[in-house]
Amino acid sequence: MKKRHNLLPSSLNGLRVFEASARHLSFTLAAQELNVTQSAVSRQIRQLEDKLGFSLFIRHHRSLALSAQGKEIALLLTRQYSELNQTIRQLKTKETGTLRVQVAMSFAVRWLIPRLHSFKSLNPDVNIILSSSMGHDNELLHLEEDDYDIAIYNVPEVTPSSNMPTFFRKEYLAPVYSELLTKTDEPIDVDRIIANYPRLHPTPDQSDWREWLSRNGRSDQIKKDGLTFNTLDMALTSCFAGQGVTITDLMLVVHELQQGYLKLPTGATIVTNNTWQYYYQTISKGDTVTRFIDWMIKEERKDMAALTRMAEQHGWQIID
């Protein structure tokens, strides 16, 4: 019987080693990913090149580059491995009913987790595994990894890629404070808040305060004093404790505004953040992922409607 794939190596492990090495352009990093030694990776690549009859890498003294043939094979392998991995994940998700969600920390704590019971009540068959990351720099998740079905994050801009994310929503920025700070339930106007109370910065670059002040023609009031945090959730925790006033995305604190735990100063405007926006990205398809996305969009629309009602009730101006 004629051998159908006679040009392929007898062991496909060499192709897997090559794909990892091509992605990293490093035998050392490929070895770490595959949990083998660097010499084992180098040996596998040499054997694969001998079998194929051409070089896959151009070896420099301290670096690697793909040959023309290596580029073509690497592109093909990465695409096909990704498709195979995605298919396996879809089958596992369908079989186990497990949904893996990666999400930025502040969004997880302030928005997603308090609402998950709603999704679970509608979808008791779905087992959710939630993971997150710390830090600002948009709290970027490890999107290059594939251990998730859906990722939700906010970024300053979207870089075109083969797996483009989907726009979810904008941020709605405004200063908020607690009555523990002012020691009164009487309304406090925005000029008094800005001039007399400590500022809590939810990002190390203090960009949220700068964005809000600039959009309100108050660039001359930008200052760096107060407390600075690297997550919005920490800044909000400090705000709840009455330690200062912070700029926040109001869509993350709709419930707290409704209950009066947080307040907007009178005369403050709400500005849509034209820099940072929320996106979601999926690496697997299927009914479970679709149900989660549909639920998430409905919840966001409820919050937007609630924020709009409060704005009308209190006279808050929203600047797009």
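Biologist: How many residues does helix α11 have, and what span does the helix reach from first C-alpha to last?
Modeller: Helix α11, residues 287-314, has 28 residues and reaches 41 Å, close to the 40 Å expected at 1.5 Å a residue. The expected span is 1.5 Å times one less than the number of residues. This is a predicted model, where local features need pLDDT of at least 70, side-chain atom pairs count only at pLDDT 80 or more, and totals for chains, interfaces and linings use all residues. Residues are numbered from 1 along each chain as its sequence is written, and side-chain values use heavy atoms, with hydrogens and water left out.
Biologist: What follows α11?
Modeller: G315, with a positive phi near 75°.
Biologist: Which way does β6 pair with β10?
Modeller: Antiparallel, over 7 bridges, with β10 spanning residues 269-282. Pairing requires that DSSP finds at least two bridges between the strands. K170 has Q277 of β10 as its bridge partner.
Biologist: And how many bridges join β6 to β9?
Modeller: 4, also antiparallel, with β9 at residues 245-249. There, P175 stands opposite I247.
Biologist: What about the whole chain: how many helices and strands?
Modeller: The chain has 11 helices and 11 strands. Of its 320 residues, 47% count as buried.

Methods
Helix = DSSP H or I, 4+ residues; strand = E, 2+ residues; numbered from the N terminus. Buried < 20%, exposed > 50% of the residue type's maximum accessible area, 1.4 Å probe, protein only.
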